[in-house]
Amino acid sequence: MTSSDTSPSVLAELYAGRVRTDLLTPFPEQDSDDVQAGTNAVALLEGLLADHLDPETVESTGELPDGLLEKLQGAGLLRLMVEPALGGLGLSWLNACRVVEAAALRSVAVAFVLSIQNGFGSATYLPALSDGPLRELIAEKVATGIVSAAADAEPAGAANESRQTVAVPVEDGAAYLLTGEKLFIGNGAVADFLDVSATVAGTVRLFFVDTSSPGFEVVARHEFMGLRGAPFGRLRLTDVRVPAEQLMSADQDWRMRPDVAVRGMDVERDLGLRAALGRHLVIGPPSLAIARLALEWAREFVGRRVIDGRPLGEYEEIQRSVGEIAAEIHTIETVQQWCLLGLARANTEPELAAAKNITSRAAGRAIDRAMAILGGEGYETARSKAARGVPAHPVERYLRDARALRVAGGVDTMMDRWSFQANHRPSVPAAPGDSYLAVQAHRFATTCQSLAEPTQRQSALLGRLGGELLTLTLLTARTGFPAAEEQSRRRLELLWTAVDDELEPGASPATQLGKQLLDPTEAIVTALWIEAFGTADGDFFSLGGHSMVAVRLAARLRERLGVRVPVRVILEKPTVAELVRHLSEGDHRES
């Protein structure tokens, strides 16, 4: 990795209306020596999983096999990119992705264990840490062999800037006591060592915590609709003592958001970039594996199916669907290849942030098409299929797992918004060119510049459109797969329709309806009307209301809604609809 904060980004340039084909040509390829190193690591993993993992047992029990983590550790697979001196395999990021993809072909749960450990475990901080006690401690633990994780998300939500977990200095600053709860922590249920975000004097800092410390507790393992067996944990810290040497320096921002990455330093020490690479390791390779399996299963099913004497593969709609799945594979490969190999000539951190949604959505489309082709056999569990003697493709399991990829690492709409915020800058769009891509880039940049204060919905849509424009740009540069380019163009045109609709004055009908449904005012006023009169139909006076009833209603409205409603308003707005309308027109809440 040799790019820096001053290198151009293909995605950021698209926001300025420029298509940087010069950066993309020739499209980067993995060199043969690196390919072989990755092939060896993949073979190592495949042999280990073939001997020690039954995916259907994991699915039914919700547990990984006893001893599997130790075997992965012993083979160096939990230290994919760590230097051999510390027991690692010293792989490139692309080869680490190939290993995680190979794991996902058998079990997405195992892929998550590998990707979280190798993308966000304690070892990932070593290149960024200066010599000192913290670096020495982490290096020692990595060499010994640990399972580690990042404990950031909390019950209040990971999108919040603040953290409710607090760290209180004790012993004249020699240590801190950490108290709080963490949620949805990948590898958290089995980790030996964690980096934990906590608030210190109003600032969020990062602490490295030994899970054997008194006061640390794994409260429970999460159960999800997919990812069965992945050891996600709900964690609780109660006055956990952490030495001050295990606090990361305040000048290093470790957050995952694309708009707060560290800038202006060596790329190996850029924690923002490393977080973006780590997120891709969690999302991109499993997405590619799911798309590959979708194609494999669809082709197998179509090959043995006959409808009214005619092979299923002769039907045009089936041919199209299978081709579209293959195009999704090419799209994911292309985006991943540029994001990782393009670092040698450009700043691909913005592209890595966008790749989260590009790859996970592509995987979702691919497995959904496979489900549609297989029909009832796709929806049927692998165990049920095996019992009746047909190929036991776990399509429904991978459909559930694919949905997790759009949630992990930041839900898709938030990632789209952050991508827009990180790349949109006030500027004069470049002059339009003649090619389709150049025209689209100019239109995109001009639209972005026309919005002084875009709404959340507008910024999310434009962020997604930027990601699709990036996808088409990369596919065009790599060449050789017109089906993938065609699909991307169609998605781009659909997104333009959505953006144009959103730019119309006034909120959309769906937004207005959602606002009404989420506003508790009408429900509470209706309930209080029924409480007072036994029905919400009819006006205050026809139902027998009088001044004392109005006083009681005013008191109950203040209690339930936190608003002061004068008695005269109830008398002047004598129906539920009129009173709700009045309360919704202004801010009547008490400060």
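Residues are numbered from 1 along each chain as its sequence is written, and side-chain values use heavy atoms, with hydrogens and water left out. Because the model is predicted, local features need pLDDT of at least 70 and side-chain atom pairs count only at pLDDT 80 or more, while totals for chains, interfaces and linings use all residues.

Begin by selecting residues 93-104, which form helix α6; helices (H or I, at least four residues) and strands (E, at least two) are DSSP runs, numbered from the N terminus. The end C-alpha atoms of α6 are 16 Å apart, in agreement with the 16 Å that its 12 residues should span at 1.5 Å a residue, where the expected span is 1.5 Å times one less than the number of residues. Colour by accessibility, and 11 of the 12 residues of α6 come out as buried, meaning under 20% relative accessible area, with exposed over 50% and partly exposed in between (1.4 Å probe, protein chains only). Trp93, Cys97 and Glu101 are among these buried residues, and the cover over them includes α3 (32-52), α7, α9 (271-304), α10 (316-341) and α14, contact being heavy atoms within 4.5 Å.

Now turn to the second largest cavity by selecting Pro55, Val58, Glu59, Ser107, Val108, Ala109, Leu227, Arg228, Arg397 and Asp401, which line it. Two or more lining residues come from each of α4 (55-61), α7 (108-120) and α14 (395-405), and α4 gives the largest share, 3 residues. By class, the lining has 5 nonpolar, 1 polar and 4 charged residues, where Ala, Val, Leu, Ile, Met, Phe, Trp, Tyr, Cys and Pro count as nonpolar, Asp, Glu, Lys and Arg as charged, and the others, Gly among them, as polar.

Finally, select Ser212 in the loop between β5 (203-210) and β6 (216-221), where Ser212 is exposed, with a relative accessible area of 62%. The C-alpha atoms of Ser212 and Asp192 are separated by 7.3 Å, although the two residues are 20 apart along the chain.

Key
1 Å grid on protein atoms, 1.4 Å probe; cavity = no way out; pocket = protein on both sides within 12 Å on 5 of 7 lines; lining within 4 Å.
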